[in-house]
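Here is a quick tour of one model, written for someone who likes to check contacts and angles by hand.

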There are 2 protein chains.
Amino acid sequence: MSELSERSGVPIASVKFYLRERLLPSGTKTSANQTNYSDAHVDRLRVVRALIEVGGLSVSSARAVLSAVDTEDMPLDWAFGVAQRAASKSIPAAEVPAGASALAEVDRLVDERGWNVTEGNPGRAIAARVIETYRLIGQDVLVDSLPAYADAAVIIAEADLAAVARRPDRASMVETVVVGESLGDTLLAGLRRIAQEHISRSLFPVPPSALVDPTECEDELP
Amino acid sequence: MSELSERSGVPIASVKFYLRERLLPSGTKTSANQTNYSDAHVDRLRVVRALIEVGGLSVSSARAVLSAVDTEDMPLDWAFGVAQRAASKSIPAAEVPAGASALAEVDRLVDERGWNVTEGNPGRAIAARVIETYRLIGQDVLVDSLPAYADAAVIIAEADLAAVARRPDRASMVETVVVGESLGDTLLAGLRRIAQEHISRSLFPVPPSALVDPTECEDELP
C-alpha cells in the first residue's frame, strides 16, 4: 500500500479511505501482510483524487460515476446523464427547485435554438434557479447575457463531445465524459476570470491609483 | 423583523443569522422591542441570500464582496478583483497551488491571444490546476479543448462586462459585478449541460434501449 501511495502521489491515509469507500478495487492478497496493486490501481487512484479533490465531487457522486465507467454495457448517453447529475450535486443552486416561470424562460431559450433536450436535464433547473435569482434581486441586466452564455455553452459542449469522440473505446470515452464533466466547469470558471480581467482593462482604463494587486489589500478593507 | 422576513421571503432564523454576521446593517430602533427596517434592508437581504444560497459563497466571502459594494471610493476593477477571488474560494481546484509547467501552459495561452492579465488573477491558478490534473490522469484529449474553452470565456467575459457597463452608477455596477461573478459560473454550468445533451444526441444517436430517463435508473446501478 505504501508503494501504491508512492507511485500515485496520494497519501496513505487517502488510499485507505478510498479503499474503504470502495472507490478503488481491492488488490490481490499474496501473503498475510502483502497485497499487490497493479498499474490500473495507480491510474484509478489518480482519477478518484481528481474527481474528489479537484472536481469537488462527494464520495457517493464519485462512486456513481466510476461505476458508470466500469459498467460495460451502459450506453454512452446514459453515462453522460450520470456524470452530469453527479457533477451537479455540488452546485448549491441545484438544491432548491426553480419556479415555473424561470423554467419556462429556459425552455423558451431551448426552443428558440431548436435544441433537443429532455425535461430531466439537470442543467435546466440549475440555469432556471440562477435566472430566477437574478430577476428577484433586480439584476435583469444579467439575464440579458443569456444568449451570449448559450452561445458559449454550445462552443464548450461541442469541444466536450469532440474530446469524447476521439477516445478509442467505450471505457475510455466514459472516463473522459466523467472527468470532463466534473472538471470542465472549473476550467471554464478559471478562463472566465482571466478573460474578464483582459476585457475589463480595455473597457475601464485603470486609474494609476488602482494599479495594485487587490490580493495585497483585501484584508485592509473596512 | 418578522415583517422583514415576510417581505424578503427569507426565514426569520436566517435574517437573525445574517444580522449577527453583519451581512445586513442593523435597523433603526424605534422602541424597546421595535426596530424599523427599510426597503434597502429587504433588497440587501435578498442579495445576501443569492450570494450564499445560490452562489455558494461563504459568510466571510459574502461579507468581503458586500463591503466592496458599500465602499464608495473603491475603483471598479479593484471590486472586480475582490469579487473574483471571493467567488473562487468555493472552487476546490483553488485549494492546492498548481505546478509551474501547468501555469506556463496557461500563460502561453494568454500570450498567444495577446491578453493583458496580471499574475495574481485567480483564474490563472484554477485553470492551471485543472490542466495539470488532466495531464496527470492521461486526459490530454481534454486539454486539447483549451482553445474552444478560451473562445467561450471571451464571449462570456464580454457579456459580463457589457452588463456592468449598462448599470447607472458605481454602487449598482459593483453589485452587478459581485452577483454576476458568483452566479455566472453556475448559469454557465447549467447551460453547458443543456447544450451537451443536444449535441450528444446529434453525435451519438440514441439506441431505443437507452430512451429512458437516467434519473429513474441511477439508484439501480451496481
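What follows is a walk through helix packing, a few individual residues, ring pairs and backbone angles.

## What kind of model this is

First things first: this is a predicted model. Keep that in mind while going through the numbers below.

## Helix α5 of chain B and its neighbours

Let's start with helix α5 of chain B, which covers residues 76-86. How much of α5(B) is buried? Ten of its eleven residues are, so to speak, under cover: α5(B) is mostly covered. The buried set in α5(B) is Leu76(B), Trp78(B), Ala79(B), Phe80(B), Gly81(B), Val82(B), Ala83(B), Gln84(B), Arg85(B) and Ala86(B). Both chains contribute to the cover, which includes α10 (170-203) of chain A along with α4 (59-70), α7 (122-136), α9 (146-165) and α10 of chain B.

One of those neighbours deserves a longer look. Packed helices in general are described by the angle between their axes and the distance between the axes. For α5(B) and α10(B) (residues 170-203), the axes come within 9 Å and cross at roughly 25°. An angle under 35 degrees counts as roughly parallel, and that makes α5(B) roughly parallel to α10(B). The crossing is right-handed. On the α5(B) side the contact is made by Leu76(B), Ala79(B), Phe80(B), Ala83(B) and Gln84(B), and on the α10(B) side by Met173(B), Val174(B), Val177(B), Val178(B) and Glu181(B). By class, these residues are eight nonpolar, one polar and one charged.

There's a spacing pattern to look for in those residue numbers. An α-helix has 3.6 residues a turn, so residues three or four places apart point the same way.

## Leu51 of chain B

Val178(B), one of the α10(B) residues in that contact, also turns up next to Leu51(B). Leu51(B) sits in helix α3 (residues 39-54) of chain B.

Is Leu51(B) buried or exposed? Its relative accessibility is 0%, so Leu51(B) counts as buried. Leaving aside residues up to four places away in sequence, Leu51(B) touches Gly56(B), Leu57(B), Val65(B), Leu66(B), Val178(B), Val179(B) and Ser182(B).

## Where the chains meet

Now for a helix pair that spans both chains. The axes of α3(A) (residues 39-54) and α7(B) come within 10 Å and cross at roughly 165°. Over 145 degrees counts as roughly antiparallel, and α3(A) and α7(B) are therefore roughly antiparallel to each other. Their crossing is left-handed. Arg46(A), Ala50(A) and Val54(A) in α3(A) meet Arg129(B), Val130(B), Thr133(B) and Leu136(B) in α7(B). Sorted by class, that contact has four nonpolar, one polar and two charged residues.

## Aromatic pairs

How many aromatic pairs does a search of the whole structure find? Over all chains, there are two. In chain A, the rings of Phe17(A) and Tyr18(A) have their centres 5.8 Å apart and their planes at 55°, so the pair is tilted. Phe17(A) is partly exposed at a relative accessible area of 30%, whereas Tyr18(A), at 3%, counts as buried.

Over in chain B, the rings of Phe17(B) and Tyr18(B) also have centres 5.8 Å apart and planes at 55°, so that pair is tilted too. Phe17(B) counts as partly exposed at 30% relative accessibility, and Tyr18(B) is buried at 3%.

Most residues other than glycine have a negative phi. Arg22(A) has a positive one, near 60°. Arg22(A) lies in the loop between α2 (12-20) and β1 (28-31) of chain A, and at 60% relative accessibility it counts as exposed.

In chain B, phi of Arg22(B) is near 55°, again a positive value in a residue other than glycine. Arg22(B) is placed in the loop between α2 (12-20) and β1 (28-31) of chain B and counts as exposed, at 61% relative accessibility.

Technical notes:
Residues are numbered from 1 along each chain as its sequence is written. Chains are lettered from A and ligands numbered from 1 in the order in which they are written. This is a predicted model: local features need pLDDT of at least 70, side-chain atom pairs count only at pLDDT 80 or more; totals for chains, interfaces and linings use all residues. Side-chain values use heavy atoms; hydrogens and water are left out. Axes are lines fitted to C-alpha atoms, for helices over the stretch in contact, and angles run from 0 to 180 degrees between N-to-C directions. Helices (H or I, at least four residues) and strands (E, at least two) are DSSP runs, numbered from the N terminus. Angles under 35 degrees count as roughly parallel, over 145 as roughly antiparallel, 65 to 115 as roughly perpendicular and the rest as oblique. A crossing is left-handed if the near helix is turned anticlockwise from the far one by less than a right angle, and right-handed if clockwise. Contact means heavy atoms within 4.5 Å. Ala, Val, Leu, Ile, Met, Phe, Trp, Tyr, Cys and Pro count as nonpolar, Asp, Glu, Lys and Arg as charged, and the others, Gly among them, as polar. Rings of Phe, Tyr and Trp (its six-membered ring) pair if their centres lie within 6.5 Å; planes under 30 degrees apart count as stacked, over 60 as edge-to-face and the rest as tilted. Buried means under 20% relative accessible area, exposed over 50%, partly exposed in between (1.4 Å probe, protein chains only).
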